[in-house]
Every structure is written in structure tokens, then in C-alpha cells.
Amino acid sequence: MKVALGVSGGIAAYKAAEIVRLLQDREIRVQVIMTQAAQEFVRPLTFAALSGEKVITSMFGAGNAEPNIDSAVEHIAVAQSIDALVVAPATSDILAKFAQGIASDFLTTLYLATTAPVIVAPAMNVNMWNHPATQANLEILRQRGVRIVEPDSGYLACGMMGPGR
């Protein structure tokens, strides 16, 4: 079994490392896809070391690598090879892009290209979580069959209390 783990940019990105380990404990291969914002919180090398797999950080390859046919359709290859797409943390930004069908990076393009089950674990500030736009986007995703792991309530990194962690 293979899972693509999408890591979007929020303080909870560091918790995705534990998800890699938990999936591996169940003998599941994990390919990590990081948004640009996620890389501000956790380095790709962390996930490469934990997963033993290439970490995808951009749409057409990284660094000085020359884009080629493999990098141009890699999102399709990954979409066809996975048994599930799990996004944790799922920021309000990534939820909005998924709900509106915006394909602006590897993760959002992969979401549109896969027919595998999709599970998102939202994590954000309580006000962002409670905002009508976020709730509307979540409802759209639910109607499309995306499974939502509701966030816990408690003390948030921003110092506020409420759902979002």
C-alpha cells in the first residue's frame, strides 16, 4: 500500500513527521509532497530521511534540475500509484484550493488528478476554522467524498483557545 502525504504550511507541519512513522509502522509506503509554505516550517530532508522516498516540493523538479517529460507528468504518475491521499496539516489555503479546483502546485494538481480516497486533517487558527468561507469549503469537500478529520480543541500555537489543532 502507498499513501501520498501532503504537508501544507502551518505550524502543525512538524506533526506530519509522526504520521510518516505511524503509517510505516503499518507497512505503508509514504511519499511526501510539501507545499512551498510547508518548507518554511520543516525541511524536505526530514521527510526524505524518515520515509526513504523522494520528497516532492515543486511541480517541475527542484533546484537546477532541467524540467523534462518525467517531471511534467509526475503528478499523474503519483496520482495513479497511490492508494490514498492524506493531507496533514490541511491549512485553510489548501482546503480552499481543493474546494475550488485550483491547481497551482504539485499537491493541488495531485488532488485533482487522483481517484484515490482523500483524507484531510485541518489545522489552523480558531477564527480561520470558524470562518464561513472555510466551513463552506469543507462542506464542498464533504459532498465530494473527501474525509475530514475534525481538529481538536484546545490551546493553539497563536495563543488562542478553540478548535483548530
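Predicted model: local features only at pLDDT ≥ 70, side-chain atom pairs only at ≥ 80, totals over all residues.
A residue counts as buried under 20% relative accessible area, as exposed over 50%, and as partly exposed in between, using a 1.4 Å probe and protein chains only. Local features here need pLDDT of at least 70 and side-chain atom pairs count only at pLDDT 80 or more, while totals for chains, interfaces and linings use all residues. Residues are numbered from 1 along each chain as its sequence is written, and side-chain values use heavy atoms, with hydrogens and water left out.

**The whole protein**

- The fold comprises 8 helices and 7 strands; these are DSSP runs numbered from the N terminus, helices being H or I with at least four residues and strands being E with at least two.
- Of the 165 residues, 47% count as buried.
- The protein exposes about 8400 Å², and carbon and sulfur atoms supply 55% of that area, which comes from the Shrake-Rupley method with a 1.4 Å probe.
- Contact means heavy atoms within 4.5 Å; among contacts between residues at least 6 apart in sequence, 68% join residues at least 24 apart.

- Ser-51 belongs to helix α2, which covers residues 44–51.
- The side chain of Ser-51 reaches the backbone oxygen of Phe-47 at 2.7 Å, a polar contact in the sense of N or O atoms within 3.5 Å, where within protein one must be able to donate a hydrogen and the other to accept it, and residues adjacent in sequence count only if both atoms are side-chain atoms.
- Not counting residues up to four places away in sequence, Ser-51 touches Val-20, Gln-24 and Val-30.
- Lys-54 sits in the loop between α2 and α3 (69–72) and is partly exposed, with a relative accessible area of 49%.
- Leaving aside neighbours within four places in sequence, Lys-54 is in contact with Gln-31, Val-32 and Glu-74.
- Lys-54 and Gln-31 lie 23 residues apart in sequence, yet their C-alpha atoms are 6.9 Å apart in space.

**Strands β1 and β2**

- Strand β2 (residues 29–34) is largely enclosed by the rest of the structure, because 5 of its 6 residues are buried.
- Strand β1 (residues 2–7) runs parallel to β2, and 6 bridges join the two; strands pair if DSSP finds at least two bridges between them.
- Within this pairing, Val-3 stands opposite Val-30 in β2.
- From β1 the chain passes through helix α1 (residues 16–25) to β2 in a right-handed β-α-β crossover: with the strands pointing away from the viewer, the path from the first strand over the helix to the second runs clockwise.

- Helix α5 (residues 92–100) has Ser-92, Ile-94, Leu-95, Lys-97, Phe-98 and Ala-99 as its buried residues.
- The cover over those residues includes β3 (84–90), α6 (106–113), β4 (118–122), α7 (126–130) and α8 (132–143).
- Just after α5, Gly-101 takes a positive phi of about 70 degrees.
- The structure holds 1 aromatic pair: Phe-98 and Tyr-111 are stacked, at 4.0 Å centre to centre and 10 degrees between the planes.
- Rings of Phe, Tyr and Trp (its six-membered ring) pair if their centres lie within 6.5 Å, and planes under 30 degrees apart count as stacked, over 60 as edge-to-face and the rest as tilted.
- This pair links distant parts of the chain, with Phe-98 in helix α5 and Tyr-111 in helix α6, 13 residues apart.
- Phe-98 is buried at 1% relative accessibility, and Tyr-111 is buried with a relative accessible area of 10%.
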